[in-house]
Amino acid sequence: MSVNDPAAPVPAQIASYLSTRARTFALAARFLPARYRRAVVVLYAFCRVIDDLVDDPSPELSNEQIRARLYGWRRWLHQEGCGSRPEPEELAIELEAVLRRFSVPRAYLLALLDGVETDLVPVTICTFKELYIYCMRVAGTVGLAMCHLLGARHTSSYRAAAELGVAMQLTNILRDLGSDLRRGRSYLPADELAQFGYSPARLRYLATTSAIPDDSFRALMRVQIERAQMYYARGLAGVWLLPPEVRLAVLVAGRVYRAILKAIEAQDYNVLGQRAVVSHLVKFREVLTALALVHLWGRDCGEAPGEASSQLQTEVRSWLAFS
């Protein structure tokens with residue numbers, strides 16, 4: 001089938017990036033109609049390839065060789081698909097078809113490349129402003145691109161999608177705090193660490209020993225989780241603005257990912273020595289909750305987003321954000 005057929009099966013190699021490396025997004029994608037699924041899987045595969053190039057490169061690749069490959073993607077995007085295709089070539093062909101079909105601004109993917117490339121060297125974030133910019137580049141941009149793929153029409157949808165992307169990246173940072181520190185990456189703002197008696201260097205040392213959290217570390221983590229929850233509230237409140245047939249998939253992805261924060265709390269904030277995992281039972285519960293919320297919303301309002309909200313619509317919007 002043609003790459004221009006939205007309902008055509010995704011090539012197996014590209015689909016494998018979702019099925020083997022992204023269980024949460026693979027789960028959410030099951031709730032997308034076929035005409036959306038191909039484009040979403042291709043976009044995710046691109047993000048995964050770029051991320052793996054920096055986080056899990058082949059041992060024989062030097063940083064300069066990795067930069068060269070990132071530059072190959074950057075040049076190809078600037079040239080709007082002309083010239084030599086980056087590797088894997090099959091993914092480049094599929095991605096070009098998606099970008100053209102859905103009019104996705106290439107600036108989103110270029111910003112993603114810029115953000116990922118910063119991880120090639122040791123990272124120290126000084127302020128939340130710096131962290132927010134990083135999160136927008138590597139995750140907020142993906143949310144913005146998804147708006148094009150899923151047919152979002154409201155300006156507020158784009159804002160919410162970017163905020164949801166930031167929330168998910170903040171969650172990644174908290175979940176992977178220990179492993180990132182051992183790689184020389186300190187994403188938590190240094191000025192906030194200082195408020196709790198920490199520094200990036202001290203956290204790196206504690207990560208190498210898989211130290212058990214003390215009260216100061218728990219307090220630090222609670223502040224970080226509270227902020228991530230705020231971004232989830234902003235992002236998930238925009239689900240109702242999306243076309244009805246895609247709301248469930250986005251809500252499932254957001255809710256299951258947000259459950260990682262609860263898993264961190266359940267393990268007493270011990271993210272320096274272990275990785276928080278969401279159980280199958282919790283995922284099942286979040287899917288059922290999302291199904292109920294989308295049903296309640298659809299029962300009481302028309303299919304066109306932006307209609308006047310009744311009391312139930314207002315309540316469901318609140319549940320979407322905070323339940």
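This is a predicted model: local features need pLDDT of at least 70, side-chain atom pairs count only at pLDDT 80 or more; totals for chains, interfaces and linings use all residues.
Let me begin with Y269, which is buried, with a relative accessible area of 9%, where buried means under 20%, exposed over 50% and partly exposed in between, using a 1.4 Å probe and protein chains only. Y269 sits in the loop between α13 (244-266) and α14 (280-300), and its phi is positive, about 65 degrees, although Y269 is not a glycine. The helices I name are DSSP runs of H or I with at least four residues, numbered from the N terminus.

Residues are numbered from 1 along each chain as its sequence is written, and side-chain values use heavy atoms, with hydrogens and water left out.

A positive phi, near 50 degrees, also belongs to S210, again a residue other than glycine, and S210 lies in the loop between α11 (200-208) and α12. Is S210 buried or partly exposed? S210 counts as partly exposed because its relative accessibility is 35%.

In another loop, the one between α4 and α5 (89-102), we find P88, and the peptide bond from E87 to P88 is cis, with omega near 0 degrees.

Now to helix packing. The axes of α3 (residues 34-55) and α4 (residues 63-78) come within 9 Å and cross at roughly 160 degrees, the axes being lines fitted to C-alpha atoms over the stretch in contact, with angles running from 0 to 180 degrees between N-to-C directions. That makes α3 roughly antiparallel to α4, a label used for angles over 145 degrees. The contact, meaning heavy atoms within 4.5 Å, is made by F46, I50, L53 and V54 of α3 together with I66, R69, L70 and W73 of α4.

The second pair is α8 (residues 155-175) and α12 (residues 215-236), whose axes come within 7 Å and cross at roughly 155 degrees, so that α8 is roughly antiparallel to α12. Among the residues that meet here are A160 and L164 in α8 and Y231 and Y232 in α12.

Finally, F46 returns in the largest nonpolar core, where, of 109 residues, F46, W73, L131, F217 and I264 touch the most other members; such a core is a set of buried Ala, Val, Leu, Ile, Met, Phe, Trp, Tyr and Cys residues joined through side-chain atoms within 4.5 Å. Leaving aside neighbours within four places in sequence, F46 is in contact with W73, L91, L95, L109, L112 and L113.

Note on methods:
Helices (H or I, at least four residues) and strands (E, at least two) are DSSP runs, numbered from the N terminus. Angles under 35 degrees count as roughly parallel, over 145 as roughly antiparallel, 65 to 115 as roughly perpendicular and the rest as oblique.
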